[in-house]
Amino acid sequence: MSVGAAVLCAGTAVWLSGGRRSGARRAQVLLAGGAGGGAAETGPPPWWHLVGELRRLRERLRAEWWSAVAGLVLAVLGASVLPVVAGLAGVPLLRRVRLAREARNARERRADAVIALCGVLAGEVRSGRQPGEAMLRAAQDSGGLGDAQAAVLAAARFGGDVPGALASAARQSGAEGLRGLAACWRVAVDQGAGLAAGLDRLEGALRAERDQRADLSAQLAGARSTAVMLAGLPVLGLLLGTALGADPLHVLLHTGPGLGCLLIGAALEGLGMWWATRIVRGAEAT
């Protein structure tokens, strides 16, 4: 009954929208015919506007809010409020996952920018520029200093404590390589050592570390994919049960044994995902 009511409301809205648009199109045809007898341009069908609205809604909503949308759909199909509660409870968890993924991507981009900064700075020093001037040009080309770029550039321009500014910038996640750059700068200024040679060795070490992380991530991709596939098996089971006519949503949401199985299964699902994530993070940390 709930599904039927939803379909009836949607059909009525589409029919009313189509009726209004057909009336508007008739008026355009009459006006166009009375003015010059030309053929009136027909607008897009009503469903096309619905597709556009759904596309704009998808762009506005964050990924975690689709958990609430999925819960609402399951609540309508299963005639229960439990999926809505579960969908809303999943929003903060998915937001945490999204923020962690964005932080990881930002860390990787910052690490790549630090490597590029070392390479550009070494090239500028070899071309005959002084370290301060070379830092100004290299920082503008690579952007590897992040939020602390203004402080480092000010120290380089006015003869300040460049190693201290670099050490402060290295506190950003992914910019740890700036500590090595600060050490190279301090040794080159205090002891007269070659800055370009030290930067070359530092760039090589940072590239090797990045390649090692990329190789480890590629090796762990299979474990991540397996965990995601195993997490999606309950959904596949529900779809198979529905295809066989067993009505698993009614059993899970409206019977005592079904509710017990749902709670136990959700707890085991969460425990399994936590354990798989813990294994992957432990391997990455090692």
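**Before I start.** I'm working with a predicted model, where local features need pLDDT of at least 70, side-chain atom pairs count only at pLDDT 80 or more, and totals for chains, interfaces and linings use all residues. Residues are numbered from 1 along each chain as its sequence is written, and side-chain values use heavy atoms, with hydrogens and water left out.

**Entry 1: two helices.** I looked up α9 (residues 195-231) and α12 (residues 256-285), whose axes come within 10 Å and cross at roughly 180°. That makes the two helices, α9 and α12, roughly antiparallel (over 145 degrees; under 35 would be roughly parallel, 65 to 115 roughly perpendicular and the rest oblique). The axes are lines fitted to C-alpha atoms, for helices over the stretch in contact, and angles run from 0 to 180 degrees between N-to-C directions. Helices here are DSSP runs (H or I, at least four residues), numbered from the N terminus.

**Entry 2: who touches whom.** Contact means heavy atoms within 4.5 Å. On the α9 side I found Leu216, Leu220, Ala223, Arg224, Ala227, Leu230 and Ala231; on the α12 side they meet Glu269, Met273, Ala276, Val280, Ala283 and Glu284. I sorted the residues of this contact into ten nonpolar, no polar and three charged. Ala, Val, Leu, Ile, Met, Phe, Trp, Tyr, Cys and Pro count as nonpolar, Asp, Glu, Lys and Arg as charged, and the others, Gly among them, as polar.

**Entry 3: salt bridges.** How many salt bridges does the whole structure have? The search finds eight, each being a side-chain nitrogen of Lys or Arg within 4 Å of a carboxyl oxygen of Asp or Glu.

I started with Glu102 and Arg98, which pair at 3.1 Å, N to O. Both sit in helix α4 (residues 82-126), four residues apart, about one turn of the helix. Is Arg98 buried or exposed? Arg98 is buried at 10% relative accessibility, while Glu102 is partly exposed at 37% (buried is under 20% relative accessible area, exposed over 50%, partly exposed in between, with a 1.4 Å probe and protein chains only).

Next came Asp200 and Arg126, at 1.7 Å, N to O. This pair links distant parts of the chain, with Asp200 in α9 and Arg126 in α4, 74 residues apart. Asp200 is partly exposed at 29%, and Arg126 is exposed at 51%.

**Entry 4: a network.** Glu133 bridges to Arg129, with their closest N and O atoms 3.6 Å apart. Shared partners join Glu124, Arg129, Glu133 and Arg137 into one network of salt bridges.
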